[in-house]
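Please keep the sequence and the coordinates in view while reading.

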Amino acid sequence: MADRARGGPMRGGARGAGSMRGGRGPQGGSLPTMDKPKREAILDLSKYVDEPIRVKFTGGREVQGILKGYDQLLNLVLDEVEEQILEPEPHTRRLGLAVLRGPTITLVSPVDGSEEISNPFVGPE
């Protein structure tokens, strides 16, 4: 204990250049690269490219447009985007070309072949 107070050697190695504590690795050298398997996207959206889709976001916003592109983080590029606004009165707003951030998306659905149905879990009144 007395050695530490006088500037003696510290446990765990010296701090400063070349230390592994900063998360940067050794200075001046490069870490060996390992081949990692390529991460696949959560959803396969390739069959919906150039097709109309509906997207819902956290917070309740909803848009509809033609899917032009996407990435593995589910960031989407939509063209001819229209936002459905429900309050204060229902109407649509045209946005044109838009990039939708993946972390805010909660639902992706094709427009063709989808229709609203009655709730099967609501009992008869």
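R54 is partly exposed at 24% relative accessibility, where buried means under 20% relative accessible area, exposed over 50%, and partly exposed in between (1.4 Å probe, protein chains only). The model is predicted, so that local features need pLDDT of at least 70 and side-chain atom pairs count only at pLDDT 80 or more, whereas totals for chains, interfaces and linings use all residues. Residues are numbered from 1 along each chain as its sequence is written, and side-chain values use heavy atoms, with hydrogens and water left out.

Side chains of opposite charge can pair when their charged atoms come close. A salt bridge is defined here as a side-chain nitrogen of Lys or Arg within 4 Å of a carboxyl oxygen of Asp or Glu, and the count under this rule is 6.

One of these pairs joins R54 to E62, with 3.0 Å between the closest N and O atoms. E62 is buried, its relative accessible area being 19%. E62 also meets the side chain of K56 in a salt bridge, at 4.0 Å from N to O; K56 is partly exposed, at 34% relative accessibility.

A further salt bridge links E82 and R94, whose closest N and O atoms are 2.8 Å apart. Because E82 lies in strand β3 (residues 76-85) and R94 in strand β4 (residues 91-100), this pair ties together parts that are 12 residues apart in sequence; strands are DSSP runs (E, at least two residues), numbered from the N terminus. E82 is partly exposed, with a relative accessible area of 26%, while R94 is exposed at 60%.

Methods:
Helix = DSSP H or I, 4+ residues; strand = E, 2+ residues; numbered from the N terminus.
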